[in-house]
Amino acid sequence: MKIIFKGRYDGNPESIPTYEHEKNANKIKEFDDMNKFGIIMNFVSFGFIILLGAIYVLVAGGIDKFSTVGFIVPFLLLFPHEIVHAICFKEESYVYTNLKSGMLFVVGPERMSRSRAIFMALLPNLLFGFLPFVAFLINPNLHFLGTIGFISIPMGIGDYYNVFNILTQTPKGSKIYMHQLETYWFLPEME
């Protein structure tokens, strides 16, 4: 595993390191315009924040229970979130910023199993979102964790989109890889 920090994404997909395509590779249908994708995902994410915030208020017993620091921490976790994605790659991964679209992202050309691709997409959301929120649901006095969770869960909306695409567009046994900003799958040849 090697994590390479590339900095600001220049908008040119050809600047992203890739490998040659696999023969019989199939492109997963995704948004073509990264800026449009970011805007739509941020809008959907806001809806989830409203829903989870309402659950938080019901469980905590009032709006006054929100943790101010808990509101700030998820934004401090944006970069660690991407690092958790990056450490899931066995080979090189590349961390980019695209703040114009409100996103940070990690790409890597490595071929990985379908289940590992799903795990890689979900792990930071489990660690920084679902685990704190579930801890709060179990113990409603954990306002700090509840606030972190309800803000962090929607921030992973792009990851959930990727998992949805993998689950609905790829067969079991397939391998997943990224080529520039697009995701592909293929079935490995039987030996």
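**Reading the terms in a predicted model**

Modeller: Val134 counts as partly exposed, its relative accessibility being 40%. This is a predicted model, in which local features need pLDDT of at least 70 and side-chain atom pairs count only at pLDDT 80 or more, while totals for chains, interfaces and linings use all residues. Residues are numbered from 1 along each chain as its sequence is written, and side-chain values use heavy atoms, with hydrogens and water left out.

Biologist: Why is Val134 called partly exposed?

Modeller: Because buried means under 20% relative accessible area and exposed over 50%, with partly exposed in between (1.4 Å probe, protein chains only), the 40% of Val134 places this residue in the middle class. Val134 lies in helix α4, where helices (H or I, at least four residues) and strands (E, at least two) are DSSP runs numbered from the N terminus.

Biologist: What makes Arg116 buried?

Modeller: The relative accessible area of Arg116 is 19%, so this residue counts as buried. Arg116 also belongs to helix α4 and, when neighbours within four places in sequence are left aside, is in contact (heavy atoms within 4.5 Å) with Cys88, Phe89, Lys90 and Glu110.

Biologist: Why is β3 described as largely enclosed by the rest of the structure?

Modeller: Of the seven residues of β3, five are buried, so the strand is largely enclosed by the rest of the structure.

Biologist: Which strands pair with β3, and in what sense?

Modeller: Two strands pair if DSSP finds at least two bridges between them; β1 and β3 are joined in the parallel sense over six bridges, whereas β3 and β4 run antiparallel and are joined by five. Tyr94 in β3 is the bridge partner of Ile4, and Tyr94 also stands opposite Val107 in β4.

Biologist: Against which elements do the buried residues of α3 pack?

Modeller: In helix α3 (residues 78–87) the buried residues are His81, Glu82, Val84, His85 and Ala86, and they pack against β1 (2–8), β3 (92–98), β4 (103–107), α4 (114–138) and α6 (157–169).

Biologist: Why are β2 and β5 called edge strands?

Modeller: An open sheet is formed by four strands in the order β2-β7-β6-β5, with antiparallel pairing. Within it, β2 (26–27) and β5 (112–113) each have a single partner strand, so one side of each is left without a neighbour in the sheet.

Biologist: How do you know that β6 and β7 pair?

Modeller: Strand β6 (residues 175–179) and strand β7 (residues 182–186) are linked by five bridges in the antiparallel sense, and Met178 stands opposite Thr183 in β7.
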